[in-house]
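Here is a short report on one protein model. It starts with a charged pair and then widens to the fold.

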Amino acid sequence: MQMNTVKTIFCFLLVAAVLPWTEGQFPRVCTSLASLKNKTCCPIPKHFSEPCGSDGNRGTCEELIIRKWNYSYSHFEPFQNDDERHNWPRALYNRTCKCNGNFGGYDCGKCEFGYRGVYCTKKKTLTRRNFLKLSAQEKDRYMRYVNESKYLLSDYVVTTKFYEEINEAVEADEDPSGLFYNVSNYDLFTWTHYYAARDTIYPHNVTRVDIDFAHGGQGFPTWHRLYLLAWERVLQ
């Protein structure tokens with residue numbers, strides 16, 4: 001998978017379903033009836049007037065392109081296409097923001113990891129330290145930040161509803177807001193990690209618990225690195 005595609009997909013933290021049920025996390029602004037009906041998640045960032053901040057050359061709303069899966073990468077071919085995490089988030093969104101340069105986020109309203117400033121041109125260098133070697137005061141401060149994340153509302157919402165329920169609500173022009181739930185920043189990352197490592201689905205909706213694509217597949221280093229970068233940003 002090309003890096004631009006990985007960055008675009010992870011910025012959304014979206015997981016959609018092609019099976020009869022779904023559970024995942026979505027930017028709150030993209031769970032409106034209009035967004036779901038148009039299969040488009042291209043929000044207007046703060047201080048801009050066009051989707052993806054295109055009036056500030058931050059990004060554009062484009063068709064989501066996911067690299068075709070090459071089965072030579074994996075021996076899990078028999079059920080690869082039956083797991084709804086395969087090719088996500090295409091089941092709910094076909095168009096998303098593609099950010100230019102060092103801009104990032106689901107609406108291109110933030111900077112990519114490692115950059116800061118109004119135009120995201122300044123390097124942001126951080127030094128990771130061993131938690132065991134921190135002073136008692138530093139450990140206490142870190143734990144306070146983690147605890148505070150449990151009470152700060154995330155920009156994302158989650159759902160555990162059947163996909164049929166979401167689809168039927170959208171088709172009937174009903175307000176889908178009741179199908180999604182607000183979560184804290186802490187709960188969002190807990191949920192995301194659970195979903196990435198969730199039971200694998202075979203054909204005919206049969207699950208298998210001993211296959212973990214998140215940690216046992218070739219994509220582990222990439223997705224887990226981005227996961228930790230996003231978690232660090234929340235704490236910062």
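R144 and D140 form a salt bridge, their closest N and O atoms lying 3.3 Å apart. The term means a side-chain nitrogen of Lys or Arg within 4 Å of a carboxyl oxygen of Asp or Glu. Both R144 and D140 sit in helix α3 (residues 136-148), four residues apart, about one turn of the helix. An α-helix has 3.6 residues a turn, so residues three or four places apart point the same way.

R144 is partly exposed at 41% relative accessibility. D140 is partly exposed too, with a relative accessible area of 45%. Here buried means under 20% relative accessible area, exposed over 50%, and partly exposed in between, with a 1.4 Å probe and protein chains only.

## Basis of the model

The model is predicted: local features need pLDDT of at least 70, side-chain atom pairs count only at pLDDT 80 or more, and totals for chains, interfaces and linings use all residues. Residues are numbered from 1 along each chain as its sequence is written, and side-chain values use heavy atoms, with hydrogens and water left out.

## Other salt bridges

The whole structure holds four salt bridges. One of them joins the side chains of K37 and D173, at 3.0 Å from N to O. K37 belongs to helix α2 (residues 33-38), and D173 to the loop between α4 (163-171) and β10 (181-184), so the pair ties together parts 136 residues apart in sequence. K37 is partly exposed at 40% relative accessibility. D173 is partly exposed at 48%.

R129 also forms a salt bridge, with E138 as its partner. Their closest N and O atoms are 2.9 Å apart. E138 is partly exposed, with a relative accessible area of 23%.

## Overall fold

The protein has seven helices and 12 strands. These are DSSP runs, numbered from the N terminus: helices are H or I of at least four residues, strands E of at least two. Of the 236 residues, 40% count as buried. The protein exposes about 13,700 Å², and carbon and sulfur atoms supply 53% of that area. Areas come from the Shrake-Rupley method with a 1.4 Å probe.

## A three-stranded sheet

Three strands form an open sheet in the order β2-β4-β3, with mixed pairing. β2 (40-41) and β3 (59-63) stand at the edges with a single partner strand each, so one side of each has no neighbour in the sheet. Strands pair if DSSP finds at least two bridges between them.

β3 and strand β4 (residues 95-99) run antiparallel and are joined by five bridges. C61 has C97 in β4 as its bridge partner.

Helix α7 (residues 220-235) has 16 residues, which should span 22 Å at 1.5 Å a residue; its end C-alpha atoms are 22 Å apart, which agrees. The expected span is 1.5 Å times one less than the number of residues. Buried residues in α7 include W223, Y227 and W231.

There are eight aromatic pairs. Rings of Phe, Tyr and Trp (its six-membered ring) pair if their centres lie within 6.5 Å; planes under 30 degrees apart count as stacked, over 60 as edge-to-face and the rest as tilted. Y186 and W231 form an edge-to-face pair, 6.2 Å centre to centre with 70 degrees between the planes. The pair links helix α5 (residues 185-196), which holds Y186, to helix α7, 45 residues apart. Y186 is partly exposed at 29%, whereas W231 is buried at 15%. Ring pairs link Y186, F189, W223, Y227 and W231 into a cluster.
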